[in-house]
Amino acid sequence: MAEKRFDFAQAMLDRGLPVPDGITMQGLHDIVDEGVLGASNHVALALPLVARLAEADRPSARDEALALASFIAGTRGLGAPIVANALSWQTSGIADLPLAEGIATLRTRAAEWDAAATGRRRALITGGLKVLTGCRNPLIYDYSSTVADLVRELAQTGGLERMIIPESRAIDGGRRYMDALRDTDVPILFLPDAALEYAVALSDAVLLGAESLTRDGGISNTIGSTLAARAAQAHGKPVYGAADLFKVGEQYASEVPDQPLRDYDFLLRDGECCATDAPELEIVPPHLVTAILTELGPVAPQNLEAALSRRGTCLAIEETT
């Protein structure tokens, strides 16, 4: 897959702006090229990265920072509304402020978002623990930092018998779960994602993270998530998404265009040459989702729009309680 961060470096050259330094390029690797997984992590990385660039000691620094924010929003933000929403909020009106004030505001807003997000995640996990009381064998499909934190706290309660982790070959998200949760001392069953039917039958519930949510409760997540949800429905097991309500986009599931294709050439052996194109993301239909675990508690897909009304304006920054 093409490494998008180099497109930004070229765009800066084309505009006569300084070439991004190593820290900026590493940040773009982690965000737009997904060297680090999870949309929430990408927001946590992106806002300070933009603020840092604005603070460089050169006249063009603010323009560079705004260009960086626009690039991230137009790449990673396309598939993860929370990234685009956060950057839009951070940079709103900055160009109209006096230079020093604008730069300081970028840093202040980055800190405010982080504090609010921490509070929302804490509320989500607290509510999720209540919903998952009695779930001793969760199946966790494809890496999500929110789901990892939730499962870690479930493990700390002593209520887990085993974690079931399909390998998720699309972006190796299953292995990332193993690395993140191996120190919990809860036994892990790591098995091929082709064995989803078998794996779901052994589980008590399927837990999915979310790149984004549609307004009717569809979950955008790594390819294979719908298969896991269909298997869960067939076996009478609940399917829970875990997502901050800031991840809700403007579209309904039926309105989401076909997902872009990527190549999976890493599956090929030396000397093999054939097409490997397939989507990386898909929408889990709302009718396969039992509930979304949110900062307001569990929300059934049909109640998501009402929850958004209670939550307030999608880009409001709440005080951490």
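Modeller: α5 and α6 are oblique to each other. The model is a predicted one. The description of such a pair rests on two values, the angle between the axes of the packed helices and the distance between those axes. For α5 (residues 81-91) and α6 (residues 99-131), the angle is about 140° and the axes are 9 Å apart. Roughly antiparallel would require an angle over 145 degrees, and the pair therefore counts as oblique. The crossing of these two helices is right-handed.

On the α5 side, the contact with α6 is made by Ile-82, Ala-86, Trp-89, Gln-90 and Thr-91. Their partners in α6 are Leu-106, Arg-109, Ala-110, Glu-112 and Trp-113. By residue class, this contact of α5 with α6 holds six nonpolar, two polar and two charged residues.

α5 also packs against α3, at an angle of about 25° and with the two axes 9 Å apart. Angles under 35 degrees count as roughly parallel, so α3 is roughly parallel to α5. The crossing of α3 and α5 is right-handed. From α3, Ala-39, His-42, Val-43, Ala-46, Leu-47, Val-50 and Ala-51 take part in the contact, and from α5, Ile-82, Val-83, Ala-86, Leu-87 and Gln-90. Ten of the residues in the contact of α3 with α5 are nonpolar, two are polar and none is charged.

An α-helix has 3.6 residues a turn, so residues three or four places apart point the same way.

α3 itself has 16 residues. From its first C-alpha to its last it reaches 23 Å, close to the 22 Å expected at 1.5 Å a residue. Its buried residues are Ala-39, Ser-40, His-42, Val-43, Ala-46, Leu-47, Leu-49, Val-50, Ala-51, Leu-53 and Ala-54. These buried residues pack against α2 (22-31), α4, α5, α6 and α7 (145-156).

The loop between α3 (39-54) and α4 (61-79) contains Ser-60. Ser-60 has a relative accessibility of 17% and therefore counts as buried. Apart from neighbours within four places in sequence, Ser-60 contacts Leu-17 and Pro-18.

Asp-204 sits in the loop between α9 (196-202) and β4 (205-208). With 31% relative accessibility, Asp-204 counts as partly exposed. Asp-204 and Cys-135 are 69 residues apart along the chain, while their C-alpha atoms are separated by 5.7 Å. Beyond its neighbours within four places in sequence, Asp-204 is in contact with Gly-134, Cys-135, Arg-136, Asn-137, Lys-237 and Pro-238.

The other site is Ile-283, in strand β10 (residues 281-284). Ile-283 has 21% relative accessibility and so counts as partly exposed, since buried means under 20%. Not counting residues up to four places away in sequence, Ile-283 touches Thr-214, Gly-218, Ile-219, Ser-220, Thr-226, Ala-253 and Val-256. Ser-225 is 58 residues from Ile-283 in sequence and 8.2 Å from Ile-283 in space, C-alpha to C-alpha.

Terms used. Residues numbered from 1 in each chain as written. Predicted model: local features only at pLDDT ≥ 70, side-chain atom pairs only at ≥ 80, totals over all residues. Heavy atoms only, no water. Axes fitted to C-alpha atoms, helices over the stretch in contact; angles between N-to-C directions. Helix = DSSP H or I, 4+ residues; strand = E, 2+ residues; numbered from the N terminus. Parallel < 35°, antiparallel > 145°, perpendicular 65-115°, else oblique. Left-handed = near helix turned anticlockwise from the far one by under 90°. Contact = heavy atoms within 4.5 Å. Nonpolar A, V, L, I, M, F, W, Y, C, P; charged D, E, K, R; others polar. Buried < 20%, exposed > 50% of the residue type's maximum accessible area, 1.4 Å probe, protein only. Expected span 1.5 Å × (residues − 1).
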